[in-house]
Amino acid sequence: MKKTVITLSLLVMAISALAGGIVHNTNQSASFIRMPARDAVFGIDAVYYNPAGLVKLNNGFHISLNNQYITQTRNIKSTFPGMNRSEFEGGVTAPLFPSVYAAYKLNKFAISFGFNPIGGGGSALFEEGLPAFEMQPSMIPAALTAGGVPTTAYSFDTEFEGQSIMYGFQGGITYQIHDEISLFAGARYVTVSNAYNGYLRNIMINPNRPDLGYNGAMMSAPLFFTEFAGYLQVVSNTLLGTGQNLQPIIDGGGGAVPLSQGTMAGLTPEQVAQLQGAITQVGGDPSGMTIAQAQMFFFGASQSFANNSKQMENNAAATQDMEVDATQSGSGIVPIIGVNLQFAENFNIGIKYEFKTKINVKNSTKIDDVGLYPDGLEVPSDLPAMLSVGMQYAPFKRLKLHAGVHHYFDRKVSYGKKINDEFVTNAAFMETDFMEAAFGLEFDITEKFLISAGYLRTQTGVKENYQSDLSHSLSTNSLGGGLRFKFTPNIGLNLGVMNTWYIEDEREFVSPFAGAYKEIYNRKAFVAAIGLDLSF
């Protein structure tokens with residue numbers, strides 16, 4: 001009988017790549033949602049997007065308060081044979097996704113502070129689990145049927161929720177060294193918090209072996225495997241005893257006597273028939289066997305049944321209820337530098353570079369029935385370096401055109417993936433780094449009322465071996481739009497919406513038990529945002 005092993009794999013599944021790299025979020029203000037090319041702006045959210053441009057603000061204190069409501073649906077399809085379902089859907093919701101920016105500008109200096117969810121955010125809930133959860137119980141019927149216990153159905157209860165958030169606390173100083181050039185130096189303190197909660201319970205199967213008391217009704221898989229292990233051990237013991245009972249005959253010189261002529265060695269006709277029947281019943285052919293060969297057959301068959309009994313004990317343990325309740329936490333500091341270049345009144349360039357930061361998250365585990373989260377283990381959860389370059393151009397007073405590109409240096413850091421049980425850098429899973437490009441425009445209808453829109457493209461560089469139902473990266477296309485209304489010159493309200501379409505991807509797999517199959521990954525997301533900008 002083929003070995004059936006059930007495992008429950010839980011990885012972080014939270015909001016990612018709505019805007020930004022694999023782990024970064026760049027959707028960091030309501031103004032971004034209404035116009036996502038903000039790398040050269042002079043607004044208050046430049047604290048995050050273009051901190052070197054903050055000296056273009058008016059003298060005084062400025063603050064921006066923002067929140068986004070984000071929903072994301074994840075859809076995963078699998079062609080793995082034998083599963084009860086082939087499509088799995090999970091929902092990610094973040095009703096609170098806040099960002100706060102503050103800056104004080106005085107002549108050529110500006111000091112600034114920012115707070116935002118720099119990565120992750122929200123939680124992913126899969127009420128029906130994932131293919132990784134279902135495919136392994138789905139193999140039980142075929143494995144049992146192949147082992148002589150016809151089985152056609154299975155069921156189980158499962159749920160998985162993963163939460164992840166990286167909060168960033170940023171501070172820095174901007175200085176204008178020339179009318180056209182200003183510089184920024186600062187840092188962001190990042191805290192990482194992940195949580196994993198999931199279970200796989202009540203695995204049921206319908207074995208059909210009336211001779212052993214199983215009539216095809218659904219029953220507990222652990223109970224069946226425990227009972228069947230006991231039955232196989234009884235058979236093993238019986239076969240072992242039968243072989244041992246032939247030892248006196250062999251010791252008396254009857255080992256070379258054909259079993260069919262066992263009466264010549266002292267066996268009764270009934271004993272010969274029983275021995276031949278026993279050999280046949282467990283899959284052997286007694287014709288031509290000597291008594292010594294028959295003994296060796298019984299010993300071998302006994303060992304085989306003992307091995308199968310042990311395998312059933314393992315299956316009983318593997319199909320017990322399993323649960324994971326674990327958290328991870330860590331922190332790091334990201335140095336940030338920036339340059340703003342404005343060589344013409346209507347044209348500006350903003351550049352920002354965030355250095356890579358090594359972060360390890362430490363497991364704090366309450367329950368880990370599958371051994372994935374050893375308490376106290378530290379796991380790489382790095383932040384890659386990121387370069388952003390943007391431009392702002394005003395062909396005439398009321399219209400501004402924006403563009404920006406982001407390069408995330410993912411391949412040089414580790415996101416906790418393993419090869420041969422060793423953590424490795426992402427270069428093993430990525431052909432190219434993650435890239436992002438944005439375009440947008442803003443139009444002042446009046447002095448108080450502005451409308452805007454923009455397009456954002458993200459391009460993942462992951463290899464096929466990166467993709468799984470638990471962790472995958474997809475390229476996206478996003479459209480955003482909205483407005484800004486100024487109640488007074490110092491109070492502005494930003495409203496925006498953004499819809500994101502993910503580009504479907506798939507991965508081919510080969511299972512030693514089920515052959516070739518594939519998984520197909522897709523998502524969709526929607527964001528609504530509100531922000532209030534204040535100046536004093």
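Leaving aside neighbours within four places in sequence, which residues is Phe225 in contact with? In this predicted model, the partners of Phe225 are Ile140, Leu144, Met312, Asn315, Ala316 and Thr319.

Phe225 also belongs to the largest nonpolar core, a set of 53 residues. Within that core, Phe224 and Phe225 are the residues that touch the most other members. The elements that each supply at least two residues of this core include helix 3 (131–138), helix 4 (140–146), helix 5 (221–245), helix 7 (269–281) and helix 8 (291–318). Strands contribute too: strand 5, strand 6 (181–209) and strand 22 (515–535) each supply at least two residues. Helix 5 gives the most, with 8 residues. Another core, of 48 residues, lies apart from this one, and Val361, Tyr415, Phe429 and Val462 are among its members.

The salt bridges come next. The count comes to 12. One of them joins the side chains of Arg38 and Glu442, at 3.7 Å from N to O. Arg38 sits in the loop between helix 1 (30–34) and helix 2 (46–49), while Glu442 is in strand 17 (residues 434–444), so that this pair links distant parts of the chain, 404 residues apart. Both Arg38 and Glu442 are buried.

A second pair is Arg188 with Glu354, whose closest N and O atoms are 3.1 Å apart. This pair also links distant parts of the chain, with Arg188 in strand 6 and Glu354 in strand 10 (residues 347–354), 166 residues apart. Arg188 counts as buried because its relative accessible area is 2%, under the 20% cut-off. Glu354 is likewise buried, at 1% relative accessibility.

Asp444 and Arg484 meet through their side chains in a further salt bridge, at 3.8 Å from N to O. Because Asp444 lies in strand 17 and Arg484 in strand 19 (residues 476–488), the pair ties together parts that are 40 residues apart in sequence. Arg38 and Glu442 also belong to a network with Arg34 and Asp45, joined by salt bridges that share partners.

On the surface, a nonpolar patch is formed by Phe61, Tyr104, Leu106, Phe109, Ile111, Ile173, Tyr175, Ile177, Leu183 and Phe536, which together have about 970 Å² of accessible area. Strand 3 (98–106), strand 4 (109–126) and strand 5 (151–178) each supply at least two of the residues in the patch. Strand 5 gives the most, with 3 residues. Ile173 is found in strand 5, and its relative accessible area of 47% is why Ile173 counts as partly exposed.

Methods: Residues are numbered from 1 along each chain as its sequence is written. This is a predicted model: local features need pLDDT of at least 70, side-chain atom pairs count only at pLDDT 80 or more; totals for chains, interfaces and linings use all residues. Side-chain values use heavy atoms; hydrogens and water are left out. Patches are made of residues with over 30% relative accessible area and no salt bridge: like charges are joined within 9 Å, nonpolar side chains (Val, Leu, Ile, Met, Phe, Trp, Tyr) within 5 Å. Accessible areas come from the Shrake-Rupley method with a 1.4 Å probe; for residues, only the protein chains shown count as cover. A salt bridge is a side-chain nitrogen of Lys or Arg within 4 Å of a carboxyl oxygen of Asp or Glu. Helices (H or I, at least four residues) and strands (E, at least two) are DSSP runs, numbered from the N terminus. Buried means under 20% relative accessible area, exposed over 50%, partly exposed in between (1.4 Å probe, protein chains only). A nonpolar core is a set of buried Ala, Val, Leu, Ile, Met, Phe, Trp, Tyr and Cys residues joined through side-chain atoms within 4.5 Å. Contact means heavy atoms within 4.5 Å.
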